[in-house]
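Open the model in your viewer and keep the selection panel at hand. This tour goes stop by stop.

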There are 2 protein chains.
Amino acid sequence: MVTMQDVAKAAGVSTMTVSNVLNHYPHVRDETRDRVLRAIDDLGYRVNVAARNLRAGRTNTIGFAVPEVDRPYFGQLASRIIARASAAGYRVVIEQTGADRETELSAIVSSRNRMYDALILSAVGLGTADRELLRVDFPMVILGETVFEGPVDHIALPNVEGTFAATRHLIARGSRRIAIVEGDDLLPPNVSSLRHGGYLRALRESGVEFDPALSVGIPELTMSGGRSAAERLVDSGAAFDGVVCITDTVALGVMRGLADRGVRVPDDVRVIGFDAIEEGEYSIPRLSTVDPDHDEVAALAVDLVLRRIAGDTEWQPREFVSSFRVVARESTA
Amino acid sequence: MVTMQDVAKAAGVSTMTVSNVLNHYPHVRDETRDRVLRAIDDLGYRVNVAARNLRAGRTNTIGFAVPEVDRPYFGQLASRIIARASAAGYRVVIEQTGADRETELSAIVSSRNRMYDALILSAVGLGTADRELLRVDFPMVILGETVFEGPVDHIALPNVEGTFAATRHLIARGSRRIAIVEGDDLLPPNVSSLRHGGYLRALRESGVEFDPALSVGIPELTMSGGRSAAERLVDSGAAFDGVVCITDTVALGVMRGLADRGVRVPDDVRVIGFDAIEEGEYSIPRLSTVDPDHDEVAALAVDLVLRRIAGDTEWQPREFVSSFRVVARESTA
DNA sequence: ACACCTGACTGTATCGATAAAGGAGTCGGA
DNA sequence: TCCGACTCCTTTATCGATACAGTCAGGTGT
């Protein structure tokens, strides 16, 4: 490996001068700079990022940890975070916490973190049990659906209110037998339990009866899960004319499952999702959804960690809830 | 920041002993190990990854650079790469090369690379002009649609053959007036020009006339682009009964655009995509597509870089082309 | 003539971890 | 009794870049 020393020797200067050239330090004679640059080029020198990071104590990188990289939701969120962070001169790398959440999450939080100046953690299913894990001396913000009384900043989605509004929307459009497709684990506080709460409240406040037979739990919030939930629902013979889906991804699966069973959307059944992923704008029919304002979430997340990186020690950890709006499209027409 | 020295002092041992404890070196007395672990816990020590990387000369991390993180295709590919790499004990981080490809790509390849032990570069639109850029002394594999006579390993998709097969599939199903929706830049060698070639060849070999009016270019290979292409196509008044789409994402947009214009798929027009993204299995109608065997691609990519990491200097850069199969679904029924 | 500044460099210590080598102590066998 | 092997731990050097202090020549102002 060719190092700065090699370049320095080749150019007949000290390593410090090479460093100065690389970092655009102004007081370097043009002729010297040229010699150094030529040497760099000749030898094919590249700065060693590990060494620079060690010395500088920073990496200029923000980590974004997500449970699954192949869910459109995270990709679209990542895209916004990258845009915001790169405007501030930071690079973002995405890392997957994955199926083996426990191990992975703790690995990222407790050891890899020093690869990043800050960590944005999208933590589906993070419980209060993880609180201690997050008690780290490190700029971090939790992004996600879980209500979390932890020692770090947390940006929540409007789970209860959003699902409340979504359910009300279905009722306003005329649905009365409203199903919900959600995670099969309703231990609070998690996404499903919160959204389930919003659904229940909307039913109650509208005087619509809650039928447990219309509540379908699935192990994973995927399209595949949504499809089989829809099939089970139809096959059960229970009458329903609306479905609240825990995420857009699930909703797309549900619409597919309904179509397979010959149920028409929105004619027979209205469907609404949550997240406003781009795919919902192009599905057939277009998917109505709850749009939690991802731009706001991304901007806030980045701004919060930047503030901590900048060393604002005054700042007290807070919980934020993004604003939202119901987007009515064809699936609830 | 609390360092190993601090831990060592607190535990009354040398830093090397702390290191040994952390790295599970066997010859440490239990009592000493406990003292060290207690000190680590008390002080909240975390190993500094930058220092370890510098010392070790490796990061145990593979970089995966993609043009856009919010395209399902890349997310799904990333997921497979992560699975394969983590089985080999490597971590993967995803990085976006982004809109400003020139700058970003060169930044990643030429300087950030030392953050990774290897780089898998998904390089849409990498031209022969970038050849010099890639002449780096660094384990790297190019993944993507471009034919590339470069100094590194390259895994190509079966662009020509796949699109050839897709077009033949439409013809076999009865289509004769077959449109193509592709990038507006057909400068070879890029995805669009190659796939365009496959399309043309299939038409020619089947004795079907090529009508330039049925060739629609879009600036970005997105759903939005696909939709407007479909609208333009219908509005132009040209008769067509089949559409070959350059990617599944574009195809989903095309199906949406056709639906908006009252054109039925597959009854009036058959549609086929390329990539086999998961969304196509759940769209209404389900999307026929060319499946390039992403598992094969991901596995090969990881294996190739691992071989280079392991120091196989014998290996000569090669170009691989993934196998594929046409997946017939409802959109071409 | 002197202090004082600025530009253009260089030398050295340092960031935090770890590999390599080696010292002290213990134990078993010849 | 002595030797080698083994365990447990320490010392030292090093990875590659950079902050900081400092050198030295040449100019400026008074």
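Select domain 2 and domain 3 of chain A: their centres, taken over C-alpha atoms, are 28 Å apart. Chain A as a whole is split into domain 1 (4-47), domain 2 (59-157 + 294-323) and domain 3 (159-291). These bounds come from an automatic or database domain assignment.

A word on the model before moving on. It is a predicted one, where local features need pLDDT of at least 70, side-chain atom pairs count only at pLDDT 80 or more, and totals for chains, interfaces and linings use all residues. Residues are numbered from 1 along each chain as its sequence is written, chains are lettered from A and ligands numbered from 1 in the order in which they are written, and side-chain values use heavy atoms, with hydrogens and water left out.

**Stop 1: between domains 2 and 3**

Stay with the two domains of chain A. In domain 2, 10 residues are in contact with 14 residues of domain 3; contact means heavy atoms within 4.5 Å. Together the two domains of chain A bury about 1,100 Å², 54% of it on carbon and sulfur atoms. Buried area is the accessible area (1.4 Å probe) that two parts lose on being put together, summed over both.

How many salt bridges are there between domain 2 and domain 3 of chain A? The count is zero. A salt bridge needs a side-chain nitrogen of Lys or Arg within 4 Å of a carboxyl oxygen of Asp or Glu. Four residue pairs are in polar contact across this interface, both residues at pLDDT 80 or more. A polar contact is a pair of N or O atoms within 3.5 Å; within protein, one must be able to donate a hydrogen and the other to accept it, and residues adjacent in sequence count only if both atoms are side-chain atoms.

Now pick helix 5 of chain A. Helix 5 gives the most to the domain 2 side, with three residues. Helices (H or I, at least four residues) and strands (E, at least two) are DSSP runs, numbered from the N terminus.

**Stop 2: chain A against chain B**

Show both chains. Each gives 49 residues to the contact. Chain A and chain B bury about 4,500 Å² between them, with 59% of that on carbon and sulfur atoms.

Six salt bridges cross the interface of chain A and chain B. For one salt bridge, select D260(A) and R286(B), whose side chains meet at 2.7 Å, N to O. Polar contacts link 11 residue pairs across the interface of chain A and chain B, both residues at pLDDT 80 or more. Colour the elements of chain A that give two or more residues to its side, among them helix 4 (49-56), strand 2 (91-96) and helix 10 (248-260).

**Stop 3: a pair within one helix**

The structure holds 31 salt bridges over all chains. Zoom to R201(A) and E205(A), whose side chains form a salt bridge at 3.3 Å, N to O. Both are in helix 8 (residues 191-205) of chain A; they are separated by about one helical turn because they are four residues apart.

**Stop 4: backbone details**

Most residues other than glycine have a negative phi, and most peptide bonds are trans. Find the cis peptide bond between V265(A) and P266(A), with omega about 5 degrees. P266(A) sits in the loop between helix 10 and strand 9 (270-272) of chain A. Another cis bond joins I284(A) and P285(A), with omega about -5 degrees. Look for P285(A) in the loop between helix 11 and strand 10 (289-291) of chain A.

Switch to chain B and select A276(B). This residue is not a glycine, yet its phi is positive, about 60 degrees. A276(B) lies in the loop between strand 9 (270-272) and helix 11 (279-282) of chain B.
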